[in-house]
Amino acid sequence: MHRTIAPAILPRLRLSASFGSPMSFVSLGTNDELVITTSPNSALSGAMGHRSLEVAAGDVTIGDPSIKGAQITQIGHGNFQTALLPRKALLRVCPNAEDLIARSIPGANPITAMFLRYYDLAHVYADKLAPAELDAVSQHLFDLAVLMIGARGDVAEEARARGLAAARLETLKSDILARLDSPALSLTGLSAAHRISPRTVQLLFEQAGITYSGFVLEQRLLRADRLLRNPAMRLRKIIEIAHLAGFHDVSYFHRAFRRRFGQTPDDVRRLSGETS
């Protein structure tokens, strides 16, 4: 049996992602938090007191570690992810949270899917963020959790305006960076993949003080600059560097690069070679 565990502590909640052999998690009953639990590639089984728990792979459930002997078993090999939220803070905004203990929340639900994607981003980058950024990410993840659980009224509106908007923007940025070199990257395709309108995508970027097209161009230029300075790419032609950065009009690439950095791509490569 082998399992790797990677915790991440945020201001409002604690995350723990583990991977490995199937195993059971049993509560000692000493924790007064509520825990959001999922396994992307394994069903979960167990019990929370008198409530039985059966959750399909990719779905989410709420556990109650204050119940001594509460148990969740990961049936198959794979990931097991948890987010521990303070019970009092959660019940203050979601009085129904305890009603969902041991029940299955569909992972295909758009809000649940967004929570899981933002969870992954928060877990990966938690140790790289400044305190203010970490606090914001923590609040956004908490907002997504309360929307997933079923917040209503003003609480839901505030969570949507703050956490959901921020999470959507970050997942959009993450997808753009993953597809930066693809000619198929487009506003229409991106909005369709995220099941929101192109105008909503534009508004999310505009609310952050940038534009969609401006963000894509800046990231492509930054990638091109990094590639030109990389000694391992020294023998690659400029046109190849442009394509790797997502530019398929080389004349436009040269103009945009010089406007952004005040140097041509050839200048950057030559100067970086002289200083290396």
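Predicted model: local features only at pLDDT ≥ 70, side-chain atom pairs only at ≥ 80, totals over all residues.

Biologist: In what order do the five strands of the open sheet lie?

Modeller: In general, strands of a sheet pair through backbone hydrogen bonds, either parallel or antiparallel. Here the order is β1-β2-β9-β4-β7, with antiparallel pairing; strands are DSSP runs of E with at least two residues, helices are runs of H or I with at least four, and both are numbered from the N terminus. Two strands count as paired if DSSP finds at least two bridges between them. Because β1 (3-9) and β7 (60-63) stand at the edges with a single partner strand each, one side of each has no neighbour in the sheet.

Biologist: How many bridges join β4 and β9?

Modeller: Strand β4 (residues 33-38) and strand β9 (residues 78-86) pair over six bridges in the antiparallel sense, and Thr-38 has Gln-81 as its bridge partner in β9.

Biologist: At what angle do α7 and α9 pack?

Modeller: Two packed helices are described by the angle between their axes and the distance between the axes. Axes are lines fitted to C-alpha atoms, for helices over the stretch in contact, and angles run from 0 to 180 degrees between N-to-C directions. Helices α7 and α9 (residues 250-261) pack at about 90 degrees, with axes 10 Å apart. This makes α7 roughly perpendicular to α9, on a scale where angles under 35 degrees are roughly parallel, over 145 roughly antiparallel, 65 to 115 roughly perpendicular and the rest oblique.

Biologist: And how do α4 and α7 cross?

Modeller: The axes of α4 (residues 153-178) and α7 (residues 212-229) come within 11 Å and cross at roughly 45 degrees, which means that α4 is oblique to α7.

Biologist: Which rings form a stacked pair?

Modeller: Rings of Phe, Tyr and Trp (its six-membered ring) pair if their centres lie within 6.5 Å, and planes under 30 degrees apart count as stacked, over 60 as edge-to-face and the rest as tilted. The whole structure has eight aromatic pairs. The rings of Phe-25 and Phe-80 have centres 4.2 Å apart and planes at 10 degrees, so this pair is stacked; Phe-25 lies in strand β3 (residues 24-26) and Phe-80 in strand β9, 55 residues apart.

Technical notes:
Residues numbered from 1 in each chain as written. Heavy atoms only, no water.
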